[in-house]
Amino acid sequence: MPAQNQDVAANEGGAAHSTMALLVADTDATQSYVFESNKLPEIRGASRQLTDLNEEIGRNLARAGHAVVYAGGGGLLALVPPTEGDRLVEEIESLYPQATGAATITAAWRSLPPGDVQLSFGEAVNWAGHWLRRRKESKAAPPFYEALPFQTRCQSCQQRPADARLSFPDWALCPVCHHKRNYVARDYWFNEADRQFQQGGMTYYQETGSQVEIPLTLEE
């Protein structure tokens with residue numbers, strides 16, 4: 001029996017026969033992943049990555065017929081059949097490192113008490129938060145990339161080894177930062193601002209009378 005199911009059985013007894021389970025998930029060390037570099041292209045890309053992955057999980061659960069209470073801000077709460085709990089946790093937790101190479105998320109589930117009416121919504125959320133924290137504390141270490149002394153470090157995060165095949169003219173990047181920088185939604189807000197100017201019959205360049213340069217770092 002999987003460790004999580006053993007915990008469920010040990011703590012809930014007869015509730016294992018419930019027809020509904022509470023599935024909860026929360027991204028791990030979000031700010032550490034988004035702001036591990038001060039380069040704005042990577043910050044924007046990382047933020048959009050996590051937002052899109054969070055929304056993707058919610059859509060996938062809804063398409064499968066599960067009741068999604070909320071999916072946003074890096075968190076998820078849904079009602080699922082207990083028989084689906086372990087499979088969904090595995091799918092959710094494997095999605096983030098596969099998609100980003102570094103970001104992780106913690107997911108867990110427990111059967112609701114028989115009748116599904118013994119807990120109020122607030123009690124259920126507090127209950128879920130308690131055992132989600134326990135799950136986070138018991139997880140294995142996140143993905144680790146060792147940078148040896150003779151390797152060039154990524155010039156963006158300064159943590160992982162750079163990959164020469166992914167470098168820009170003046171930048172040596174690791175695969176994780178390269179993916180952040182090139183994420184499809186990275187320039188969403190800049191493009192949206194430009195679209196608003198164009199709807200008014202002008203471009204940002206005409207309005208300001210100067211050439212626009214997108215800042216690359218928080219200092220700029």
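Modeller: Let me begin with a term: a residue is called buried when its relative accessible area is under 20%, exposed when it is over 50%, and partly exposed in between, using a 1.4 Å probe and protein chains only. Helices (H or I, at least four residues) and strands (E, at least two) are DSSP runs numbered from the N terminus. With those terms, strand 3, residues 75-80, is mostly covered, since five of its six residues are buried.

Colleague: Where do these coordinates come from?

Modeller: This is a predicted model, in which local features need pLDDT of at least 70 and side-chain atom pairs count only at pLDDT 80 or more, while totals for chains, interfaces and linings use all residues. Residues are numbered from 1 along each chain as its sequence is written, and side-chain values use heavy atoms, with hydrogens and water left out.

Colleague: How many helices and strands are in the chain?

Modeller: The protein chain has eight helices and four strands, and along the sequence they follow the pattern α-β-α-α-β-β-α-β-α-α-α-α. Of its 220 residues, 38% are buried.

Colleague: Which strands does strand 1 pair with?

Modeller: Two strands pair if DSSP finds at least two bridges between them. Strand 1, residues 21-27, pairs with strand 4 in the antiparallel sense over seven bridges, and Leu23 has Trp109 of strand 4 as its bridge partner. Strand 1 is also joined to strand 3 by six bridges, again antiparallel, with Asp26 opposite Gly75.

Colleague: And strand 2?

Modeller: Strand 2 pairs with strand 3 in the antiparallel sense over five bridges, and the bridge partner of Tyr70 in strand 3 is Leu77. Their hairpin has two residues between the strands, and Gly73 takes a positive phi near 65 degrees there.

Colleague: Why is strand 4 described as largely enclosed?

Modeller: Seven of the seven residues of strand 4, residues 105-111, are buried, so the rest of the structure largely encloses it. In a regular strand the side chains alternate between the two faces of the sheet. In strand 4 both faces are covered, with Ile105, Ala107, Trp109 and Ser111 buried on one side and Thr106, Ala108 and Arg110 buried on the other.

Colleague: Changing topic, which residues have the most contacts inside the largest nonpolar core?

Modeller: A nonpolar core is a set of buried Ala, Val, Leu, Ile, Met, Phe, Trp, Tyr and Cys residues joined through side-chain atoms within 4.5 Å. The largest has 31 residues, and those with the most contacts inside it are Leu23, Tyr33, Ile57, Leu61, Leu76, Ile92 and Tyr96. Helix 3 gives the most to this core, with seven residues. Apart from it lies another core of nine residues, among them Val24, Leu77, Ala124 and Trp131.

Colleague: Last one: is Thr100 buried or exposed?

Modeller: Thr100, which lies in helix 4, residues 85-100, counts as buried because its relative accessibility is 4%. A polar contact is a pair of N or O atoms within 3.5 Å; within protein, one must be able to donate a hydrogen and the other to accept it, and residues adjacent in sequence count only if both atoms are side-chain atoms. The side chain of Thr100 reaches the backbone oxygen of Tyr96 at 2.8 Å and the backbone nitrogen of Ala102 at 3.2 Å.
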